[in-house]
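Good morning, and thank you for coming.

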Amino acid sequence: MDVAVLFFLSSGLFLGWSLGANDAANVFGTAVGTRMVRFATAAAICSVFVILGAVISGSGAAQTLGKLGAINALGGSFMAAGSAALAVFAMTKAGLPVSTTQAIVGAIIGWNLFTGTSTDAATLITILSTWLICPVLAAGIAAALFRLTTRIIRSAKPHLLRQDAYTRAALLLAGAFGAYSLGANNIANVMGVFVPVSPFTEFEIAGIGTFSSVQQLFLLGAVAIAVGVITYSKRVMLTVGGRLLPMSPVAAWVVVVAHSIVLFVFSSRGLESLLESAGLPTIPLVPVSSSQAVVGAVLGIGLLKGGRGIRWRLLGGIGLGWMATPVIAGVLCFVGLFFLQNVFNQVVYQPAG
Amino acid sequence: MAAKESMLGRGLLPFRRTKALESEIDAFLDKLSESGLLFKRAVQIYLEEGASAEFDQKLQAVNRLESEADKLRRSVITQLYTQTLIPESRGDVLGLLENLDSLLGLYEGALWSFSIEQPEISAEFHGDYATLCDQVVHAAEAIVLASRAFFRNIEAVGDHMHKVMFYEKEADKVSTKLKRAIFATDLPLYRKAHLRNFVEHIDNVADRAEDVADRLAIYTIKRSF
């Protein structure tokens, strides 16, 4: 493979790394923050399942992102992923839980504006509406699940120690499911912009099946996510748990499950076809923000408890961060593309036709 | 197959360990409860026969239970901390077990005082001493039940807590009445003071039970989901 290709892919790997450091912390943050799961265990499970989710079920959400703006030159993909990664990095430094989802959408629109490509309004509206639906859905699922779980615990009356052991096991399972869903849903953010310009070629694996170029691309991105998890997510995990609302281990489990369900429904092709065959409206396969899902879930539990203890000021800051992230990424991408094209003489788009 | 079984065994190990630890906590509470019954019986024997061989036997039994409970408490706390179990509540469990253990210390201390100092208690006070003993052991028994509920059925803690408060108040009433009666007699002051000390030795158990109940109330709020 060309060294230049690897260089261009590096921004995607940087974005993957920041997703691993930031978004993956949402999956195990509450479990590690409440010291129910050791960081080493969390990092190992998270890395493996993020990779599995990305390679096995990552393509659904990637297609929607591709419709928003099919970046058709490696230089453009490099700048879109790079500016999204920078925006996420800046927001993380500011202490706000943002997601690569918001950043990459802003960056793609920045590329569309720079290249004069029209943005598919229907896709944009679908994506933007999920940013509202995602936290609301997570809040609803978390509130219902929390009520159900506490009711079951109250009637089962487990010993404090046994409840602790079950909660630990449940947190590990939910974390694995969460990491899988995160990989499936969010790999599109990391590698989606490289799909149209993928430098890999499809090959057969010992008669088992084909390993497509997109899957290879996703595997590379997922490895970058895993590296992010292992190298940088510990600090984020320790601060995620209990920042917005002090949480019990059971509430922590509910948050992880609600987050994972939301990410799963927005990336599952199986669920989509199931709904289709039943004649029900389908859920769009869109990369949603894991941070929005987690914040929504925490809020759902907080509201169920009567809203006391929720730090509304922090919540307002998080909301502003969500709005600012795509704008920052979009502007960065636009300015970056200008320099890449005019100063470094790189091809950032292929004119259509 | 064997490998699969050992994997399963390893997988279930945390649950096995948890069960063993649950039994240790239960055994600790059993020992506290049994000590209360022995304490009551020992005081009764003392009132009837003085520091007899049977009294001494009960004292030794409480002594033995106290050291066994100490071992259990240390084992439970060590396991909680080395295996990082119940990270949210282990500090509270540590405090609870230490406070409950101090009740055992009070039983043992009071009986040793009876054995060493051998107070002369006139028959007119026997009834009140026995009642006081009854009330404080009831208070301690209620805190044992509240503690069991803290581990097994958090919502039932309140059902036992109010009984601790009730018996503590009753014990206070009896001890005040008894002290007044002691100081109203013609006994020399040193004997009055001696008898009063024994009222306090016994009444301290109920006071400590109430202190434990106050802490347990906070631990219970913290344990809510």
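Let me begin with a network of salt bridges that links D26(B), D30(B), R148(B) and R152(B). By salt bridge I mean a side-chain nitrogen of Lys or Arg within 4 Å of a carboxyl oxygen of Asp or Glu. Before going further, please note that this is a predicted model, in which local features need pLDDT of at least 70 and side-chain atom pairs count only at pLDDT 80 or more, while totals for chains, interfaces and linings use all residues. Residues are numbered from 1 along each chain as its sequence is written, chains are lettered from A and ligands numbered from 1 in the order in which they are written, and side-chain values use heavy atoms, with hydrogens and water left out.

Let me now describe chain B as a whole. Its secondary structure comes to six helices and zero strands; helices (H or I, at least four residues) and strands (E, at least two) are DSSP runs, numbered from the N terminus. The C-alpha trace of chain B spans about 80 × 40 × 20 Å along its principal axes. Chain B has 225 residues, and 49% of them count as buried. Here buried means under 20% relative accessible area, exposed means over 50%, and partly exposed lies in between, with a 1.4 Å probe and protein chains only. For contacts in chain B between residues at least 6 apart in sequence, 80% join residues at least 24 apart, where contact means heavy atoms within 4.5 Å.

Which pairs tie the helices of chain B together? One salt bridge is formed by R73(B) and D101(B), whose closest N and O atoms are 3.2 Å apart. Because R73(B) lies in helix α2 (residues 53–82) and D101(B) in helix α3 of chain B, this pair ties together parts that are 28 residues apart in sequence. Both R73(B) and D101(B) are buried.

A further salt bridge joins D128(B) to K177(B), with 3.3 Å between the closest N and O atoms. D128(B) belongs to helix α4 of chain B and K177(B) to helix α5 of chain B, so the pair ties together parts that are 49 residues apart in sequence. Are these two partners buried or exposed? D128(B) is buried, with a relative accessible area of 18%, whereas K177(B) counts as exposed at 51% relative accessibility.

Helix α5 (residues 157–183) of chain B also holds S175(B). This serine is buried, at a relative accessible area of 2%. Leaving aside neighbours within four places in sequence, S175(B) is in contact with L132(B), V199(B) and D203(B). The side chains of S175(B) and D203(B) are joined by a polar contact of 3.3 Å. A polar contact is a pair of N or O atoms within 3.5 Å; within protein, one must be able to donate a hydrogen and the other to accept it, and residues adjacent in sequence count only if both atoms are side-chain atoms.

I turn now to the contact between the chains. It takes 23 residues from chain B and 24 residues from chain A. Chain B and chain A bury about 2,100 Å² between them, 61% of it on carbon and sulfur atoms; buried area is the accessible area (1.4 Å probe) that two parts lose on being put together, summed over both.

How many salt bridges are there between chain B and chain A? The count is two. In one of them, the side chains of R162(A) and E22(B) meet at 3.0 Å, N to O. R162(A) lies in helix α8 (residues 160–191) of chain A and E22(B) in helix α1 of chain B, so the pair joins two chains. R162(A) counts as partly exposed at 23% relative accessibility, while E22(B) is buried, with a relative accessible area of 5%. A salt bridge also brings together the side chains of E155(B) and R154(A), at 2.4 Å, N to O.

On the side of chain B that touches chain A, α1 (2–49), α3 (90–117) and α4 (123–152) each supply at least two residues. The largest share, six residues, comes from α1(B).

To close, I return to the total for charged pairs: the structure holds 18 salt bridges over all chains. Thank you for your attention.
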